[in-house]
Amino acid sequence: MTIETGLLILESILLVATIMLLLFNIREGRGRKNLLLEVERATKVLTRQEYFLSVTDSMMEAKEEVVGCITGRTPAGEDKKRTRDIIDTIEKLTRKGIRVGYLLPKFPDRLHIGYLYMKAGADIRYSNCLTVHNIRFIVVDDKIVVIGIPESIGEKEATKKGYRIPSEGLAMILKDYFNKCEGKISFSEYLKEVLAQTGATPRHLAQELQIDDEELEKFTQSA
């Protein structure tokens, strides 16, 4: 074997080893990336879950009143259980005579949550005012505030996490925004507005919003 042949074989071995190392690094990099994505997803779920727990826990401390602005998006996946927990909390509070009121943005799909919360005993209003499109919060007994933070900018974006702030001053400011929000209308009024704008029948809208059509028909006939 000549020196040239030996060097060629050595270079070939080194080239194969280099390629194997590159493939291993690429594979390892993908694994790290997938791991980071999984951790990020888990963190989002936990912080969102903590937000809902903070909301329900704060509501259960109420003695007189809970009011707030919410997105009212139709729940999906795990949010269905969280929404059910809030509905159960509203029912418990209203049975005790505690007032619960929510302000939702004027989007037709928000009638679904409005209906469920109203059925549980909450006073539901809809509005196009700036506050309801930009801030997500509840105020408990003018003392405790829970503010929701969206995952990204946008009025339709899901709330990622929240902050519980015991502050009478902040509670007073946010409740003032809640009370002064212009153009507030009831569930029945907004329902009729949506029917008039879309030309849909109560039955078709009930199917779209996953609401009992007979129940929805009652609201269209109310004053």
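Modeller: The model is predicted, so local features need pLDDT of at least 70 and side-chain atom pairs pLDDT 80 or more, while totals for chains, interfaces and linings use all residues. Residues are numbered from 1 along each chain as its sequence is written, and side-chain values use heavy atoms, with hydrogens and water left out.

Biologist: Why is the link of Cys 129 and Cys 181 called a disulfide?

Modeller: A disulfide is a pair of cysteine sulfur atoms within 2.5 Å. Those of Cys 129 and Cys 181 are 1.4 Å apart, so the pair qualifies. The structure holds one disulfide.

Biologist: What makes the link of Cys 129 and Cys 181 left-handed?

Modeller: The angle about the S-S bond is -60 degrees. Cys 129 lies in the loop between strand E3 (123-127) and helix H4 (130-134). Cys 181 sits in the loop between helix H5 (168-180) and strand E7 (185-186). Helices (H or I, at least four residues) and strands (E, at least two) are DSSP runs, numbered from the N terminus. The two cysteines are 52 residues apart.

Biologist: Why is Cys 129 called buried?

Modeller: Buried means under 20% relative accessible area, exposed over 50%, partly exposed in between (1.4 Å probe, protein chains only). Cys 129 has 13%, so it counts as buried. Cys 181, at 7%, is also buried.

Biologist: How do you know that Cys 69 is in no disulfide?

Modeller: The nearest cysteine sulfur, that of Cys 181, is 6.1 Å away. Cys 69 is buried, with a relative accessible area of 1%.
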